[in-house]
Amino acid sequence: MNKKLLYSCLAVALGAGTGFATFVMAQAKPDVLVKQRQAVMTLQGKYFGPLGAMAQGKAPYNAAVVQRNAGFLDNLSRMPWDGFDPSTKGEKSRALPAVYEDKAKFDQSGSALENEISKLVTVSRSGDEAAVKAQISVVAKVCGGCHESFRAKQ
């Protein structure tokens, strides 16, 4: 009986904590959201850069680095999107108004990036260097396409 009470109390406490965390996240300041999404994009560049260099023959192919970086990118590719909240529209960033005006296309671009990086993770485990390099090029194209439509030039 005491175990049931303990588990019930624990469940209530965890549920309340989850609700509070959701509320707090929903209250994030627009400038903080922008900084967070920019941080994710910076990390994506850090982990994609070596892959791009390998695909272009500018760096020697290293299967272990490809697998590691693809795994990091798989996680990172799902992180920035909630940072493009409409409240961030007036904040200083390189996001074009199209991010907010054509949300469906923007969301589709984000999903395409996530999907192609997921494919990169899978192919990176195959040991097929040519297939990995081809998929790296696909990821670069998808990433660049989003930048063309939704990111201001410097």
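This is a predicted model: local features need pLDDT of at least 70, side-chain atom pairs count only at pLDDT 80 or more; totals for chains, interfaces and linings use all residues.
**Aromatic pairs**

The structure contains five aromatic pairs. A pair of aromatic rings is described by the distance of the centres and the angle of the planes.

| Pair | Centre to centre | Angle between planes | Geometry |
|---|---|---|---|
| Trp81 and Phe106 | 5.6 Å | 80 degrees | edge-to-face |
| Phe106 and Phe150 | 5.1 Å | 75 degrees | edge-to-face |

Trp81 is located in the loop between α3 (63-76) and α4 (98-101), whereas Phe106 belongs to helix α5 (residues 103-124); their pair therefore ties together parts that are 25 residues apart in sequence. Phe106 also pairs with Phe150 of helix α6 (residues 129-150), and this link joins distant parts of the chain, 44 residues apart. Trp81 and Phe106 are buried, and Phe150 is buried as well. Through ring pairs, Trp81, Phe84, Phe106 and Phe150 are linked into a cluster.

**Helix α6**

At 1.5 Å a residue, the 22 residues of α6 should span 32 Å, which agrees with the 32 Å between its end C-alpha atoms. At the start of the helix, a side-chain oxygen of Asp128 comes to within 3.2 Å of the backbone nitrogen of Ala130.

The buried residues of α6 are Val132, Gln135, Ile136, Val139, Cys146 and Phe150. Viewed down the helix axis, the buried residues of α6 fall within an arc of 110 degrees, so they line one face. An α-helix has 3.6 residues a turn, so residues three or four places apart point the same way. The buried residues of α6 pack against α2 (30-55), α3, α4 and α5. Ala130, Lys141 and Glu148, on the other side of α6, are exposed.

Methods:
Residues are numbered from 1 along each chain as its sequence is written. Side-chain values use heavy atoms; hydrogens and water are left out. Rings of Phe, Tyr and Trp (its six-membered ring) pair if their centres lie within 6.5 Å; planes under 30 degrees apart count as stacked, over 60 as edge-to-face and the rest as tilted. Helices (H or I, at least four residues) and strands (E, at least two) are DSSP runs, numbered from the N terminus. Buried means under 20% relative accessible area, exposed over 50%, partly exposed in between (1.4 Å probe, protein chains only). The expected span of a helix is 1.5 Å times one less than its number of residues. The arc is that of the directions from the helix axis to the C-beta atoms. Contact means heavy atoms within 4.5 Å. A polar contact is a pair of N or O atoms within 3.5 Å; within protein, one must be able to donate a hydrogen and the other to accept it, and residues adjacent in sequence count only if both atoms are side-chain atoms.
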